Amino acid sequence: MVCCSLVVLVGCAGVIQPDGSAANTNSTTITEWNSSLEVHYINVGQSVSTLVVSPSNETMLIDTGHYNDDGEYVLQYLQSHNITRIDHLVVSHNDADHIGGNAAIIDYYETEADGIGAIYDPGIAASTQTYEGYLDEVEEHDVTLYETREGDSIQFEGVDVQVLGPPDPYLESEARNENSIVLRLSYGETSFLLTGDAEDDQEAYLVEEYGTQLNATVLKAGHHGSSSSTSEALLDAVDPQAVVVSSAYDSQYGHPTEDVLDRLATRSIPTYWTATHGDIVFVSNGTAVSVQTQQGAPTDPSTLRDGEPIEPGTGDEVVERDRIGAASGTVTEPVATDGGGGELVVADINADAEGDDRENLNGEFVVFRNDGDAMLDLSGWTVADEAGKTYEFPDGYTLAAGDSVTLYTGNGTDTETELYWGYGSPVWNNGGDTVIVRNSEGDTILEETY
């Protein structure tokens with residue numbers, strides 16, 4: 001093994017390129033949207049790994065998963081997406097659950113693929129075999145290793161990459177979590193903030209130092225959704241339009257914690273969880289962001305745990321679930337408005353409520369599901385029975401591919417997954433009826449007789 005003290009991190013300031021040369025620090029101004037930035041949050045269980053692909057197909061890999069699987073899921077994902085070179089390998093911090101695949105990935109790319117351009121490390125060592133194995137591979141293959149700190153900026157063609165942490169001097173006696181490499185990626189009007197395992201001290205530093213400059217379209221929740229991270233102050237400064245949590249479904253630490261989910265729910269921030277959504281990919285054209293996941297699952301933080309778990313390494317393709325506007329945080333340009341691309345089906349109907357139907361109106365319901373591969377904008381669509389009783393979906397209501405919504409006959413508060421007709425008497429005939437759905441133009445989209 002190589003002793004940790006023998007590895008010298010190359011100091012850096014300003015913009016870093018894989019060949020070690022300096023570059024212009026001005027942000028790129030994007031004038032054409034023919035290309036896109038992809039940010040892949042890989043499902044690696046109780047760990048994290050993020051792949052970023054620039055508009056020119058330059059690659060950045062941030063963290064490599066847990067030591068228990070030796071980077072297996074990350075390497076599998078990279079190979080399945082034909083990633084033949086890692087131009088930038090960023091180590092957020094040297095905890096074993098973030099560098100678990102470093103050794104395997106360095107060895108693979110240096111011996112069987114097109115190499116690693118450079119590695120960026122916060123410079124705080126760990127006394128673990130995982131860390132020593134990582135450094136052994138760095139030395140074995142002579143990969144450039146930069147000590148990376150606040151104020152540096154990694155050159156990534158077409159994308160502005162700012163390094164916002166760790167500061168100099170380090171925080172909290174060089175605690176690894178509190179000195180994570182923090183990156184803000186900007187592409188046109190869209191941006192992504194990745195804070196590693198930063199906890200309360202580093203988050204407080206970021207808020208005090210940068211304030212609203214932290215604003216980002218998408219935030220990766222800090223420390224896998226631990227209550228010590230993703231604070232109210234950080235959320236207010238970042239004001240994200242979506243949040244990603246990377247942790248296991250049965251996390252032994254209870255990630256994401258109820259504290260974090262409550263903070264997100266209070267702000268009505270759509271939240272994606274690798275444990276239930278699987279691999280999560282955001283594709284930005286510079287003005288809007290397409291949200292794509294392997295599996296449809298709740299995004300309301302208060303019901304996030306209601307989703308079905310999906311195992312790491314599952315090979316299902318991602319499907320678009322939503323689109324985020326760069327400024328408004330609302331769905332823009334819905335993919336399907338007339339049934340094309342989306343496919344609305346009746347997944348279930350309960351016409352005969354328990355007890356007296358008239359006294360249990362919410363025991364009567366219809367469940368609709370989008371079985372298509374695109375989001376459905378149901379604004380102005382109507383649901384009717386054979387007798388002509390009619391319900392109209394709220395303006396702006398959308399149903400992502402794979403998602404379901406239950407329409408109850410009685411009264412209640414609408415959510416993403418539950419809608420209430422508000423009818424004063426039973427609608428659906430216990431002896432048989434027809435569910436009729438028409439779009440906003442009055443065209444019949446669906447008829448289901450039971």
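1. Two strands are taken to pair if DSSP finds at least two bridges between them, and the elements themselves are DSSP runs numbered from the N terminus, with helices (H or I) of at least four residues and strands (E) of at least two. The model is a predicted one, in which local features need pLDDT of at least 70 and side-chain atom pairs count only at pLDDT 80 or more, while totals for chains, interfaces and linings use all residues. Residues are numbered from 1 along each chain as its sequence is written, and side-chain values use heavy atoms, with hydrogens and water left out.

2. On the E19 side of E20, six bridges join strand E19 (residues 344-350) to E20, and the two run antiparallel. Val345 stands opposite Arg369 in E20, and Ile349 has Val366 of E20 as its bridge partner. Strand E20, residues 365-370, is mostly covered, with five of its six residues buried; here buried means under 20% relative accessible area, exposed means over 50%, and partly exposed lies in between, with a 1.4 Å probe and protein chains only.

3. These strands belong to an open sheet of four, in the order E19-E20-E25-E26, with mixed pairing. E19 and strand E26 (418-420) stand at the edges with a single partner strand each, so one side of each is left without a neighbour in the sheet. The twist averages 25° from one strand to the next, where axes are lines fitted to C-alpha atoms (for helices over the stretch in contact) and angles run from 0 to 180 degrees between N-to-C directions.

4. A further open sheet holds six strands in the order E10-E11-E12-E13-E14-E15, and its pairing is also mixed. Its edges are strand E10 (160-165) and strand E15 (271-273), each with a single partner strand, so one side of each is left without a neighbour in the sheet. Neighbouring strands of this sheet are turned by 15° against each other on average, direction ignored.

5. Which residues cover the two faces of E11? On one side Val182, Arg184 and Ser186 are buried, and on the other Leu183, Leu185 and Tyr187 are buried as well, in keeping with a count of six buried residues out of six for strand E11, residues 182-187. In a regular strand the side chains alternate between the two faces of the sheet.

6. E11 pairs with E10 in the antiparallel sense over five bridges, and Gln162 stands opposite Arg184 in E11. E11 and E12 also pair in the antiparallel sense over five bridges, with Leu183 opposite Leu194 in E12. The hairpin of E11 and E12 has two residues between the strands, and in it Gly188 takes a positive phi near 60°. By contrast, strand E12 (residues 190-194) and strand E13 (residues 218-220) run parallel and are joined by three bridges, with Leu193 opposite Leu219 in E13.

7. The largest nonpolar core has 30 residues, of which Tyr41, Met60, Leu183 and Phe282 touch the most other members; such a core is a set of buried Ala, Val, Leu, Ile, Met, Phe, Trp, Tyr and Cys residues joined through side-chain atoms within 4.5 Å. Apart from this core lies another, of 29 residues, among them Ile42, Val53, Val74 and Val91. Leaving aside neighbours within four places in sequence, Tyr41 is in contact (heavy atoms within 4.5 Å) with residues including Phe192, Leu194, Val218, Lys220 and Phe282.

8. On a 1 Å grid over the protein atoms alone, a cavity is a set of points where a 1.4 Å probe fits but cannot get out, a pocket is an open set with protein on both sides within 12 Å along at least five of seven lines, and lining residues have an atom within 4 Å of a point. One cavity of 30 Å³ or more is counted, and the largest cavity has a volume of about 80 Å³, with Leu183, Leu194 and Lys220 among the residues that line it.

9. The largest pocket holds about 870 Å³ of space. Of its 35 lining residues, Thr299, Asp322, Thr398, Asp403 and Glu416 are the closest to its centre. Strand E18 (319-325) and strand E24 (398-399) are the elements that give two or more residues to this lining, and E18 gives the most, with four. For these volumes, grid points are joined across faces, edges and corners, and a volume is the space filled by probe spheres set on the points.
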